[in-house]
Amino acid sequence: MTTTVTEQAAVRKESPGAADGRRRPGRIRRIGLPYLLLLPALILELLVHLVPMVIGIVMSFKELTQFYIRDWGTAPWAGLDNYAMSVDFNAPVGEALLHSFLVTVAFTLLSVGLCWLIGTAAAISMQDSFRGRGLLRALFLVPYALPVYAAVITWVFMFQHDNGLVNHVLHDQLHLTDKPSFWLIGDNSFYALLTVSVWKGWPFAFLIVMAGLQNIPRELYEAAALDGAGVWQQIRRITLPSLSAVNQVLVLVLFLWTFNDFSTPYVLFGKAAPEAADLVSVHIYQASFVTWNFGAGSAMSVLLLLFLLIVTGVYLAVTSRGRRPADA
């Protein structure tokens, strides 16, 4: 009996593959469980984003108007005609799209720059402890926490010509203008849109930069102060270089959000935005749902997608190339 037990133990030692074979299914289950849990979200993401994107690309190659909207699959094939019409800048459609694109570029650059500047300045100023700092931080995040419709519709009332708060302050109290201005039509609509966008977007920059500042050791500032460095030198030599990785992601996210922003101009101006504030997102909406040319609107959307993909790829390539020597 003792010999038999000893032989069985020796067989177990000599064949570890059997134990590994028994452990392998459990290991596979543990490894595959996270992917299994992600599968419903992945399927939903494909249904919500990828499928409409593919359908939109197909629609851009069709002559899809209101006459075929009931059964868009029967719309005649247009090939590249919708794209050619969109990029023909000598024709009315292409000229209007180019104007909208230039307005969007100017608006995005100003909005992203001001959001980053105000958010960074506010985050740096909130680093030192003082009474009421928590309350100020909470108040700074209110514009970002408010629903878009509720926030923008409030600005619509403030920009009213006759009884709006903006004209009351600028004209009636401060006497900075000769007469009340029209803010929701004409050239001033661009500045009204920019104001609302910055007011709504800078708290996000403030939140991200404030989180990035928590990773900077306070000893660096103390050592710099002992060496005689002032506040501006500390910001230039310590704060901004330490926030370079955070700022790269922040600027990219702000750029994509602002360039694609539809809710703000739509709530602020309605379906027909003024020419000075005709962003690409609203322009594509008008081309699709106002003039009922869904094929041309889909082609414009695909062109916008390609532009954003190219800009994002170039930006990531440039920023990663600049970060690689520092990481090495």
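This is a predicted model: local features need pLDDT of at least 70, side-chain atom pairs count only at pLDDT 80 or more; totals for chains, interfaces and linings use all residues.
A crossing of two helices is called right-handed if the near helix is turned clockwise from the far one by less than a right angle.

The protein chain comprises 328 residues, of which 34% count as buried. Its secondary structure consists of 15 helices and 0 strands.

Two packed helices are described by the angle between their axes and the distance between the axes. For helix 4, which spans residues 92-125, and helix 12, which spans residues 244-259, the axes come within 9 Å and cross at roughly 140 degrees. Because angles over 145 degrees count as roughly antiparallel and 65 to 115 as roughly perpendicular, helix 4 is oblique to helix 12. On the side of helix 4, the contact is made by Phe 101, Thr 104, Val 105, Phe 107, Thr 108, Ser 111, Val 112, Cys 115 and Trp 116, while helix 12 contributes Asn 247, Leu 250, Val 251, Leu 254, Phe 255, Thr 258 and Phe 259. Sorted by class, the residues of this contact comprise 11 nonpolar and 5 polar ones, with no charged residues.

Helix 4 also holds Gly 94, a residue that counts as buried because its relative accessible area is 0%, which lies under the 20% cut-off. When neighbours within four places in sequence are left aside, Gly 94 is in contact with Met 85, Ser 86, Asp 88 and Phe 89. Gly 94 and Met 300 are 206 residues apart along the chain, and their C-alpha atoms are separated by 9.9 Å.

A further crossing involves helix 7, residues 148-158, and helix 9, whose axes come within 11 Å and cross at roughly 140 degrees. The crossing of helix 7 and helix 9 is right-handed. Here Ala 151, Val 152 and Trp 155 of helix 7 meet Thr 195, Val 196 and Trp 199 of helix 9, and the residues of the contact divide into 5 nonpolar and 1 polar, with no charged residue.

The loop between helix 9 (188-213) and helix 10 (218-226) contains Ile 216. With a relative accessibility of 6%, Ile 216 counts as buried. Apart from its neighbours within four places in sequence, Ile 216 is in contact with Tyr 221, Ile 238, Thr 239, Ser 242 and Leu 243. Of these residues, Leu 243 is 27 residues from Ile 216 in sequence, and the C-alpha to C-alpha distance between Leu 243 and Ile 216 is 8.6 Å.

Helix 10 in turn packs with helix 11, which covers residues 231-242, the two axes coming within 11 Å and crossing at roughly 145 degrees. The crossing in which helix 10 passes helix 11 is right-handed. Leu 220, Tyr 221, Ala 224 and Ala 225 of helix 10 meet Gln 234, Ile 238 and Thr 239 of helix 11; among these residues, Tyr 221, Ile 238 and Thr 239 are also in contact with Ile 216. By class, the contact of helix 10 with helix 11 has 5 nonpolar and 2 polar residues and no charged ones.

Key
Residues are numbered from 1 along each chain as its sequence is written. Side-chain values use heavy atoms; hydrogens and water are left out. Axes are lines fitted to C-alpha atoms, for helices over the stretch in contact, and angles run from 0 to 180 degrees between N-to-C directions. Helices (H or I, at least four residues) and strands (E, at least two) are DSSP runs, numbered from the N terminus. Angles under 35 degrees count as roughly parallel, over 145 as roughly antiparallel, 65 to 115 as roughly perpendicular and the rest as oblique. Contact means heavy atoms within 4.5 Å. Ala, Val, Leu, Ile, Met, Phe, Trp, Tyr, Cys and Pro count as nonpolar, Asp, Glu, Lys and Arg as charged, and the others, Gly among them, as polar. Buried means under 20% relative accessible area, exposed over 50%, partly exposed in between (1.4 Å probe, protein chains only).
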